[in-house]
Amino acid sequence: MTSSNKLKKIRKAVIPVAGFGTRFLPATKAQPKEMLTLVDKPIIQYIVEEAVQAGIEEIIFITSSNKRAIEDHFDRNFELEYRLRQKGKKTELANMLKISDMAKFIYVRQKTPRGLGHAVLTARELIGDEPFAVMSGDDVIDAKVPAIKQLMRVYEKYADIVLGVTTVKKSETHKYGIVDPLKIDARTVEIKKLVEKPSASQAPSNLAVTGRYILTPEIFDFLLKQKAGAGNEIQLTDAIARYIKQRAGYAYLYEGDYYDCGNKLEFMKAIIQLGLKRSDFKNDLKKYLRQLVN
């Protein structure tokens, strides 16, 4: 790692949102899965807010032709703003204005669905020679300190790639990229290698990579040469695995509750858990849930 990378602040986050969301059909036939709502905000807004709270200034969405609703959501809506002003809804108006002012938003089309690695590579010219964050468009992490901020702190210490991980059941390792760790402390591990979706018997640990990454610009050199892997797509995990054979790479067991909102059950869990944190109706929700289980 060069000294210039050590000194550079992480200002940009790449959020790939080009997928079709087929697991949520028919709900996603006419709207992006990232726009499905958790209580009263779309999934994607939770992820953007996490980035902004961590100090990210520029959000680079990797989109496709059916994701226009995401662009509209983070843009101004002058007709809606006018109506809210006319009706004296100052709180709602302020909330709407905050959305478009959170960060600088850039949209890049991924013309063909060639995988997460290809989506990240699409942002190469916009990233330049800076370290940057990658945040999955449907992984929500509810944490006191933004999960991506926790990873940024590890990057500031080691100045190299950091992957966000959480613990999963051994029976679920086949769903994730799993870290083979060399422990440094209670939450930070140096990565010996990455194993993509291993069976329970072959998994080197239960530390699963879950949609949060701090990457250095050198990753683009590996992505450019990366051959298609699973699903005949350019896999980010494959490029990272090659990277850490030549350089160091770290994983951080972040503090917070992880929800894979591309999974229907996890999506419903997220709605309930986030709803229980809402002061305006959490007591009524608790009462209703108690009635269901009694």
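The model on the screen is a predicted one. In it, Asp 138 and Lys 33 form a salt bridge, with their closest N and O atoms 2.7 Å apart.

I will go through a few of them.

Lys 8 and Asp 129 meet through their side chains, at 2.7 Å from N to O. This pair also links distant parts of the chain, 121 residues apart. Lys 8 is in the loop between helix H1 (3–7) and E1, and Asp 129 is in the loop between helix H7 (124–127) and strand E6 (132–135). Lys 8 counts as partly exposed, at 26% relative accessibility, and Asp 129 is partly exposed at 47%.

Glu 49 and Lys 41 form another salt bridge, again with the closest N and O atoms 2.7 Å apart. Is Glu 49 buried or exposed? Glu 49 has a relative accessible area of 17%, which is under the 20% cut-off, so it is buried. Lys 41 is partly exposed, at 22%. There is also a network: Lys 9, Arg 11, Lys 12, Glu 57 and Glu 130 are joined by salt bridges that share partners.

Now the nonpolar interior. In soluble globular proteins, nonpolar side chains tend to be buried together. The largest nonpolar core here has 48 residues. Those with the most contacts inside this core are Ile 15, Leu 38, Val 48, Ile 59, Phe 61, Phe 74 and Ile 214. Leaving out residues up to four places away in sequence, Ile 15 touches several residues, including Ile 44, Val 48, Ile 59, Phe 61 and Met 135. A second, separate core has 36 residues, among them Ile 60, Ala 119, Leu 194 and Tyr 243.

With residues up to four places away in sequence set aside, Phe 105 touches Val 48, Ile 59, Phe 61, Phe 74, Ile 99 and Ser 100. Phe 105 and Glu 58 are 47 residues apart in sequence, yet their C-alpha atoms are 6.1 Å apart in space.

Next, helix H8. Its end C-alpha atoms are 17 Å apart, which agrees with the 16 Å that its 12 residues should span. The buried residues of H8 are Ala 147, Ile 148, Gln 150, Leu 151, Met 152, Val 154 and Tyr 155. After H8 comes Ala 159, with a positive phi near 55°. Ala 159 lies in the loop between H8 (147–158) and strand E8 (161–167), and it counts as buried at 5%.

Val 39 is a residue other than glycine with a positive phi, near 65°; it is in the loop between E2 and strand E3 (41–42). A cis peptide bond joins Leu 25 and Pro 26, with omega about 5°. Pro 26 is in the loop between strand E1 (12–16) and strand E2 (37–38).

Last, the surface. Which residues form a nonpolar patch there? They are Tyr 288, Leu 292 and Val 293, with about 340 Å² of accessible area together. Tyr 288 is in helix H12 (residues 282–293) and is partly exposed, at 45%.

Technical notes: Residues are numbered from 1 along each chain as its sequence is written. This is a predicted model: local features need pLDDT of at least 70, side-chain atom pairs count only at pLDDT 80 or more; totals for chains, interfaces and linings use all residues. Side-chain values use heavy atoms; hydrogens and water are left out. Patches are made of residues with over 30% relative accessible area and no salt bridge: like charges are joined within 9 Å, nonpolar side chains (Val, Leu, Ile, Met, Phe, Trp, Tyr) within 5 Å. Accessible areas come from the Shrake-Rupley method with a 1.4 Å probe; for residues, only the protein chains shown count as cover. A salt bridge is a side-chain nitrogen of Lys or Arg within 4 Å of a carboxyl oxygen of Asp or Glu. Helices (H or I, at least four residues) and strands (E, at least two) are DSSP runs, numbered from the N terminus. Buried means under 20% relative accessible area, exposed over 50%, partly exposed in between (1.4 Å probe, protein chains only). A nonpolar core is a set of buried Ala, Val, Leu, Ile, Met, Phe, Trp, Tyr and Cys residues joined through side-chain atoms within 4.5 Å. Contact means heavy atoms within 4.5 Å. The expected span of a helix is 1.5 Å times one less than its number of residues.
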